[in-house]
Amino acid sequence: MITSGKIAKKTAAFIRKNISNFPQIGILSGTGLGESMQSMDVSFSCRYEDIPNFPVSTVKSHIGKLLVGKFAKDEVMVLQGRFHLYEGYSPLEVTFPIRVMQELGIKILILTNAAGGLNTSFSAGDIMLITDHINLTGHNPLVGANDDKLGIRFPDMSAVYDKKLIDSALNAAKEEKVHLQKGVYAGLLGPSLETSAEVRFLKTIGADAVGFSTVQEVIAGVHAGMRILGLSAITNVHDPANPSPSTLDEIIDTAKKIMPNIDTIIKRVITDFNE
Ligand code: HPA
């Protein structure tokens with residue numbers, strides 16, 4: 001069981017040994033979106049199973065590879081595939097990669113995920129810039145004794161998603177002519193998809209999209225003092241009046257189609273960060 005910052009230190013030491021330039025930007029990619037940042041100049045690549053103490057993704061469509069390399073003028077670290085509570089991982093295991101990034105000195109965290117649309121103005125194939133989230137998983141990675149070396153006991157969550165990164169993503173979308181929606185992401189435990197009553201509930205409480213990831217990592221990222229950007233690939237849109245079934249294959253298929261546009265935005269955000 002992976003629990004402490006000490007273990008993250010050991011994992012970070014292994015990565016550090018294999019790289020000569022240290023990344024400032026970390027990217028964590030979700031369902032169907034793993035193959036992102038193909039055009040980076042990779043200097044180190046490692047499968048999760050070969051990284052000491054790293055959990056191994058059990059989900060189809062999650063590649064399970066860590067890449068470090070140069071993009072534009074920046075050194076970035078990309079994690080192709082994440083860990084979910086619904087796989088049986090604890091909140092500490094789900095957020096272990098964030099603690100490793102923290103240990104490596106990463107300051108900017110970019111997360112992508114696949115999500116179901118709740119906002120009726122969304123269509124499958126859209127990208128939603130996450131402006132805020134609602135954690136409905138019933139879990140929190142900060143439960144337990146606080147490690148003051150990692151962050152404060154009660155981190156403020158009033159402005160989690162970084163305003164400058166949001167503006168940069170909006171500019172990028174405009175200039176690259178990528179249609180970008182904005183909204184609130186509701187994080188659920190999963191893995192069963194939402195009932196029609198749950199969809200109505202989520203819309204009522206102000207959620208625009210729903211998924212089974214991201215919120216744990218974002219909470220750990222805030223605790224670690226990182227600036228955060230989140231992008232959701234809207235793979236399906238829920239209509240509780242006319243419910244239609246969604247399958248994982250359709251979700252992955254649509255996410256893969258959305259990926260190039262998500263990549264375009266991320267690349268522009270990284271380039272902007274440098275200027
Ligand atoms: N619900 C939860 N997670 C998802 C969905 C959904 O409808 N679509 C893609 N990921």
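# Reading a predicted model, feature by feature

Trainee: Let's talk about peptide bonds. Which one is cis?

Mentor: Most peptide bonds are trans. In this model, the bond from Gly-190 to Pro-191 is cis, and its omega is near 0°. Pro-191 belongs to the loop between β7 (180–187) and α5 (196–204).

Trainee: Back to α6 for a moment. How many residues of α6 are buried?

Mentor: To judge that, use the cut-off: buried means under 20% relative accessible area. Nine of the nine residues of α6 are buried, so the helix is largely enclosed by the rest of the structure. Among them are Val-215, Glu-217, Ile-219 and His-223.

Trainee: Glu-217 carries a charge, I think. With which residue does the side chain of Glu-217 meet in a salt bridge?

Mentor: When you look for a salt bridge, check for a side-chain nitrogen of Lys or Arg within 4 Å of a carboxyl oxygen of Asp or Glu. Glu-217 pairs with Arg-82, at 2.7 Å from N to O. The two come from distant parts of the chain, 135 residues apart: Arg-82 is in the loop between β4 (74–80) and α2 (91–94), while Glu-217 is in helix α6 (residues 215–223).

Trainee: Is Arg-82 buried or exposed?

Mentor: Arg-82 counts as buried because its relative accessibility is 1%. Glu-217 is buried too, with a relative accessible area of 2%.

Trainee: How many salt bridges are there by this rule?

Mentor: The count comes to 10. Take the one between Glu-75 and Lys-70, at 3.5 Å from N to O. Glu-75 is buried at 8% relative accessibility, whereas Lys-70 is partly exposed at 36%. Another joins Arg-47 and Glu-49, also at 3.5 Å. Arg-47 is partly exposed at 42%, and Glu-49 is partly exposed at 47%.

Trainee: Which residues are linked in a network of salt bridges?

Mentor: Arg-47, Glu-49 and Asp-50. Now for a polar contact between side chains: Ser-168 and Asp-272 make one at 2.9 Å. Ser-168 lies in helix α4 and is buried, at 9% relative accessibility.

Trainee: What about the ligand? Which elements give two or more residues to the shell around it?

Mentor: Begin with the contacts, then step back to the shell. A polar side-chain atom of His-238 lies 2.7 Å from an oxygen atom of the ligand. A ligand nitrogen is 3.3 Å from an N or O atom in the side chain of Thr-235, and a backbone N or O atom of Ala-114 is 3.3 Å from a nitrogen of the ligand. The protein covers 94% of the 260 Å² of accessible area that the ligand has on its own. As for your elements, they are β5 (108–117), β8 (209–211) and β9 (227–237). The largest share, three residues, comes from β5.

Trainee: How do the residues of the shell divide into nonpolar, polar and charged?

Mentor: Six are nonpolar, five polar and one charged. The surrounding residues include Leu-193, Glu-194, Phe-212 and Ile-251.

Trainee: One last feature. Which residues form a nonpolar patch on the surface?

Mentor: Leu-136, Phe-201 and Ile-205 do, and together they have about 240 Å² of accessible area. Leu-136 is in the loop between β6 (127–135) and α4 (163–175), and it counts as partly exposed at 33% relative accessibility.

Definitions and conventions: Residues numbered from 1 in each chain as written. Predicted model: local features only at pLDDT ≥ 70, side-chain atom pairs only at ≥ 80, totals over all residues. Heavy atoms only, no water. Near = heavy atom within 4 Å. Polar contact = N/O pair within 3.5 Å; in protein donor to acceptor, adjacent residues only side chain to side chain. Areas by Shrake-Rupley, 256 points an atom, 1.4 Å probe, with all protein chains shown as cover. Helix = DSSP H or I, 4+ residues; strand = E, 2+ residues; numbered from the N terminus. Nonpolar A, V, L, I, M, F, W, Y, C, P; charged D, E, K, R; others polar. Patch = residues over 30% accessible without salt bridge, like charges linked within 9 Å, V, L, I, M, F, W, Y side chains within 5 Å. Buried < 20%, exposed > 50% of the residue type's maximum accessible area, 1.4 Å probe, protein only.
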